[in-house]
Amino acid sequence: MPSQNSRPAISQADYQRLSEFRYLIRRFLEFSQVQANEAGLTPRQHQALLAIKGFPGAGPVTVGDLAERLRIRHHSAVELVDRLCEAGLVTRDQDKDDHRRVLLRLTERADDCLAELSAAHLDELGRIEPMLMRLLSRQDR
């Protein structure tokens, strides 16, 4: 932990910016939770579908990849995938090149559900974007 002498000065405006940023994040997460619940999903299921669909490079996603993207333990990701498969939202396919790997794919039902949720989320992001941009660009200084 840095000593107080080496720590940069933090102004009241800095504290306000950080507070506002955390408030906007919490507001967005609360919005997301309500939207997921209304779609019949848990927030974690919604996050998993989005992580699979939006995986960088649009390549195949493994359970390990999903665990990393959601920042959860591998066994928790396995349990989540089990529930997603039972709900008809995800399928597991064995990798043709490496039979030890299991690849995850969204079903058509999941794609449709995620498209609706994502449209609502993008709309909400559009509403809070000006506030985020102001905070991130430090225009309030």
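Arg71 sits in the loop between α3 (63–70) and α4 (74–86); helices are DSSP runs of H or I with at least four residues, strands are runs of E with at least two, and both are numbered from the N terminus. This is a predicted model, in which local features need pLDDT of at least 70, side-chain atom pairs count only at pLDDT 80 or more, and totals for chains, interfaces and linings use all residues. Residues are numbered from 1 along each chain as its sequence is written, and side-chain values use heavy atoms, with hydrogens and water left out.

Most residues other than glycine have a negative phi. Arg71 is not a glycine, yet its phi is positive, at about 60°.

| Residue | Relative accessible area | Class |
|---|---|---|
| Arg71 | 63% | exposed |
| Gln45 | 11% | buried |

Gln45 belongs to helix α2 (residues 43–53). A polar atom of the Gln45 side chain lies 2.9 Å from the backbone nitrogen of Thr42. Beyond its neighbours within four places in sequence, Gln45 is in contact (heavy atoms within 4.5 Å) with Gly40, Leu80, Arg83 and Leu84.

Now for the sheet. Its three strands form an open sheet in the order β1-β3-β2, with antiparallel pairing; two strands pair if DSSP finds at least two bridges between them. At the edges are β1 (61–62) and β2 (90–94), each pairing on one side only. Between β2 and β3 (residues 102–106) there are five bridges, and Val90 stands opposite Leu106 in β3.

Two helices meet these strands. Helix α2 lies across β1, β2 and β3, and runs at about 105° to β3. Helix α4 packs on the sheet, where it touches β2 and β3, and its direction makes about 115° with that of β2. For such angles, axes are lines fitted to C-alpha atoms, for helices over the stretch in contact, and the angles run from 0 to 180 degrees between N-to-C directions.

The largest pocket holds about 250 Å³ of space. A pocket here is an open set of points on a 1 Å grid over the protein atoms alone, with protein on both sides within 12 Å along at least five of seven lines, and lining residues have an atom within 4 Å of a point. Its volume is the space filled by probe spheres set on the points, which are joined across faces, edges and corners. Helices α1 (12–38), α2 and α5 (108–137) each supply at least two residues of the lining of the largest pocket. Among the lining residues are Phe28, His46 and Leu122.

Terms used:
Buried means under 20% relative accessible area, exposed over 50%, partly exposed in between (1.4 Å probe, protein chains only). A polar contact is a pair of N or O atoms within 3.5 Å; within protein, one must be able to donate a hydrogen and the other to accept it, and residues adjacent in sequence count only if both atoms are side-chain atoms. On a 1 Å grid over the protein atoms alone, a cavity is a set of points where a 1.4 Å probe fits but cannot get out, and a pocket is an open set with protein on both sides within 12 Å along at least five of seven lines; lining residues have an atom within 4 Å of a point.
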